[in-house]
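Please open the model in a viewer and follow the stops below in order.

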Number of protein chains: 2
Amino acid sequence: MDRRPGGPQAQGGAAFLLAQLGSHAARLFADRIAGLDLTPPQAGLLRMLAASPGRSQRELADDLGMPPSRFVPFADELEGRGLIERRKNPNDRRSHALHLTEKGAGLLAELREVGMAHERDICAALSFDEHRELVAMLRRVAEQQGLTPGVHPGYRSG
Amino acid sequence: MDRRPGGPQAQGGAAFLLAQLGSHAARLFADRIAGLDLTPPQAGLLRMLAASPGRSQRELADDLGMPPSRFVPFADELEGRGLIERRKNPNDRRSHALHLTEKGAGLLAELREVGMAHERDICAALSFDEHRELVAMLRRVAEQQGLTPGVHPGYRSG
DNA sequence: TATTGTTATACTCTATAACTATA
DNA sequence: TATAGTTATAGAGTATAACAATA
């Protein structure tokens, strides 16, 4: 029986473990990609641009959970580093269509390798089958909670 | 086969899902306990004081991942609300021994109920057995990653 | 001389809201 | 008149470091 004060659910329940492990995993990931001079939101944008190129800044800002005004200097830096580019939209000249550059695509490839190493480290305690089961359960929970696959605005800093 | 750009691990791996679900669960929990006028770090301190009363501010600040200077106004507010109290330590008069008041213990009881409702909501997609399996796996992962049970400094804001 | 708690300051981060150009 | 992007400003939140009391 769990006698830790605060109640078993509070400290040992799935919700708490998810929050604890999630913040741990996010911090570790941030440390890893710092070696590529990227922050988690920056990595997120690169992935989003690879998945669906040509979207407007406003849409992307919404997905990243940041106000449009904050997105501007955020995109400025990546553009200055030659990783993304703003293309003029001929149909609506107010909006910019954002795209990954070749250099950006190259960095994204490195990012994927880092991501796989990260996955291995986080799940080191699990067997191959257990890992598969865990992913399947987490996916169901995420879906039931209405979370969009592949994007989360929980990123912090950057 | 998973063809989403960014790679299957990046967006669908366990590490990503943990981060996504963890931040989701943490945000939802923060919303819930806002009804008790508590932030996640405040709730964390109440639980810590119930688990091990009489510790010094420095120790508690370390566990919460905040500098001692920030802990001062943080504890001030809870003391002002009559939820915790600073007792003089007769052995070392530099340090304060922090304790939960009766009122603080009462609020902690409410907090537990909120925590259980939170747990049910987050795991609504899982059967009883699946829930048990998930918790067991997450505990193993957390232990292998060297995380301290019951405490995590990933809290934000408050 | 080192450590606990505290205070003060300076800085980063962020959102709000004003502004422009297109529609 | 409404919207995309941008800029400016003001506010919150935070850490760093100086300080006082005690060891």
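**The interface of chain A and chain B**

Across the interface of chain A and chain B, two salt bridges are found (a side-chain nitrogen of Lys or Arg within 4 Å of a carboxyl oxygen of Asp or Glu). This is a predicted model, in which local features need pLDDT of at least 70 and side-chain atom pairs count only at pLDDT 80 or more, while totals for chains, interfaces and linings use all residues. Residues are numbered from 1 along each chain as its sequence is written, chains are lettered from A in the order in which they are written, and side-chain values use heavy atoms, without hydrogens and water.

Select A:Glu130 and B:Arg140: they form a salt bridge, with the closest N and O atoms 2.9 Å apart.

Next, display helix H2 (14-34) of chain A. H2(A) supplies 15 residues, the largest share of the side of chain A that touches chain B. Then widen the selection to both sides: 59 residues of chain A are in contact (heavy atoms within 4.5 Å) with 60 residues of chain B.

**Two helices within chain A**

Now select helix H4 (residues 57-64) and helix H5 (residues 68-80) of chain A, whose axes come within 9 Å and cross at roughly 100 degrees (axes are lines fitted to C-alpha atoms over the stretch in contact, and angles run from 0 to 180 degrees between N-to-C directions). H4(A) is therefore roughly perpendicular to H5(A), the term for angles of 65 to 115 degrees. To see the contact, show residues including A:Leu60 and A:Leu64 of H4(A), and A:Phe71 and A:Phe74 of H5(A).

Technical notes: Helices (H or I, at least four residues) and strands (E, at least two) are DSSP runs, numbered from the N terminus. Angles under 35 degrees count as roughly parallel, over 145 as roughly antiparallel, 65 to 115 as roughly perpendicular and the rest as oblique.
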